[in-house]
Amino acid sequence: MDHIDQAMTAQLYRITCPPSAQLGEYHLQMLPAAEATAVAQHLRTCPHCAQELVQLQTYLHELAPELTYTLREKVQIWIAQRLPSGLAGGPGLAPAMALRGEVEEPLMFEAGDYQLNLEIQDDPANPGHKAILGLVVGVAELAFQAQLWQNGRRLQETAVDELGNFVFDSVPPGTYDLILSRLTAEIHVQAFTI
Amino acid sequence: MTQDILQTLTLSGLRHRCAQESDRFFNRQAYDPAFCYELFRRAILQQDEQAWGAIYSQYQRLVIHWVERNAAFPNCGEEAQFFMNRAFEKMWQGITPEKFTTFEDLSSLLRYLQMCVHSVMVDFVRQKEHKLKLEAVEELTHQPPARGTAVEDSITRTLTRKELWTWLQSQLKDEKEQVVVYGLFVLALKPRDLADLYPKVFADVKEIYRAKENLMARLRRSEELKEFLGDA
């Protein structure tokens with residue numbers, strides 16, 4: 001092979017081949033009819049693309065079992081509804097750990113069979129930060145994990161104790177989501193501001 | 001799970017549930033794919049960048065695993081992270097809001113992501129093969145390519161290649177020459193293989209050599225070809 005042969009091969013090698021993603025979409029039967037026909041015609045004359053297609057088929061076949069799943073029983077999700085102040089009070093709905101600093105008006109929520117009380121206090125150990133004292137009541141068996149989230153990121157996680165209490169310390173002012181989670185049920189307190 | 005609840009969940013709530021369900025999936029337990037699908041829906045239909053970020057975080061471990069299982073990966077000399085990033089980019093570019101309606105469930109979306117992983121591996125192999133062919137020419141001519149920026153080089157190369165291809169097609173006299181150029185230069189096949197592939201065009205391999213010799217004799221006299229190939 002002389003210089004021109006090699007130079008032409010280097011310049012023209014696979015110049016008519018479809019992009020690899022188009023070949024992939026062809027395999028997944030996602031291409032419009034005209035595009036699919038053009039790719040099919042190309043495949044009849046191009047052993048390289050035909051080989052890449054076989055490789056893709058093999059690869060997806062090998063990974064296929066990893067995408068199978070069986071549906072499970074749905075998790076019951078309650079979006080907590082804010083209650084007006086003073087409505088959901090009562091002797092049982094005061095957090096056990098209270099009064100660590102300046103206390104704001106408690107936030108009361110209702111979520112299905114549960115009631116939730118959040119008390120926001122200044123965190124004396126971290127000036128400018130808050131502590132969230134939570135109490136969840138409503139069922140005998142709790143076993144919840146409490147998670148504090150902000151903008152899709154989980155910031156803190158703690159267990160809810162047997163009396164329904166939980167605490168988050170050192171929380172900067174801002175808007176948060178609180179998720180109380182157990183195996184088959186969740187309570188979501190969305191976008192509350194402290 | 002009603003669609004209402006899914007759409008009511010904040011990104012935090014959705015991401016939490018997607019992570020929980022994915023953990024169940026990784027532990028080979030039954031799981032509910034609706035939450036992760038909703039993340040994709042928000043990312044693609046609502047162009048929600050935070051949802052994209054959540055998908056990236058949620059699936060990067062899985063995509064790296066897919067990269068490492070690809071046959072082209074072990075000898076490629078690149079980090080799996082590199083291909084993972086390219087695969088996500090390819091998916092973001094590939095699935096438009098219009099196209100999203102064709103994805104009925106999470107499995108089909110993840111299947112597309114797997115296809116993107118394979119696609120970036122193929123791109124890498126194609127580029128490597130092309131680079132090797134260019135380097136072989138450089139060795140023969142002892143002329144390194146002119147230096148420009150990577151993007152400029154890439155655009156110039158693509159333009160030149162397409163121009164050369166268009167020009168070359170205008171120079172071909174008959175089907176035999178067309179098949180010779182396509183088979184020997186575009187597909188880089190050996191003449192014997194080309195003869196096997198096109199038995200109706202060529203009676204035997206000698207006919208391919210003859211057609212090529214005639215064509216090359218004509219092309220070698222062309223100033224335009226020398227210009228395209230940089231006096232190769």
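The exercises below, each with a worked solution, concern a predicted model.

Residues are numbered from 1 along each chain as its sequence is written, and chains are lettered from A and ligands numbered from 1 in the order in which they are written. In this predicted model, local features need pLDDT of at least 70 and side-chain atom pairs count only at pLDDT 80 or more, while totals for chains, interfaces and linings use all residues.

**Exercise 1.** State how many helices and strands chain A has, and in what order they run.

Solution. Begin with the definition: helices (H or I, at least four residues) and strands (E, at least two) are DSSP runs, numbered from the N terminus. Counted in this way, chain A has four helices and ten strands. Next, follow chain A from the N terminus, where the elements run α-α-α-α-β-β-β-β-β-β-β-β-β-β.

**Exercise 2.** Describe the open sheet of chain A that contains β2, and find its edge strands.

Solution. Recall that strands of a sheet pair through backbone hydrogen bonds, either parallel or antiparallel; two strands count as paired if DSSP finds at least two bridges between them. Here five strands of chain A stand in the order β2-β3-β4-β5-β8, with antiparallel pairing. The edges are β2 (81-83) and β8 (165-171) of chain A, each of which pairs on one side only. From one strand to the next, the twist averages 25°. Finally, look at one pair in detail: β5 (residues 130-137) of chain A and β8(A) are antiparallel over five bridges, and Leu133(A) stands opposite Val167(A) in β8(A).

**Exercise 3.** Decide whether α2(A) is mostly covered or mostly open, and name its buried residues.

Solution. A residue is buried if 20 or more other C-beta atoms, placed from the backbone, lie within 10 Å of its own. By this test seven of the eight residues of α2(A) are buried, so that the helix is mostly covered. The buried residues are Ser20(A), Ala21(A), Gln22(A), Leu23(A), Gly24(A), Glu25(A) and Tyr26(A). For chain A as a whole, 32% of the 194 residues count as buried.

**Exercise 4.** Describe the side of chain A that touches chain B.

Solution. Two residues are in contact if their C-beta atoms, placed from the backbone, lie within 7 Å. On this basis, 46 residues of chain A are in contact with 55 residues of chain B. Among the elements that give two or more residues to this side of chain A are α1 (3-12), α2 (20-27) and α4 (47-63) of chain A, and α1(A) gives the most, with nine residues. To sort the residues by class, count Ala, Val, Leu, Ile, Met, Phe, Trp, Tyr, Cys and Pro as nonpolar, Asp, Glu, Lys and Arg as charged, and the others, Gly among them, as polar. The side of chain A that touches chain B then divides into 24 nonpolar, 16 polar and six charged residues.

Notes
Buried ≥ 20, exposed ≤ 12 C-beta atoms within 10 Å, placed from the backbone. Axes fitted to C-alpha atoms, helices over the stretch in contact; angles between N-to-C directions.
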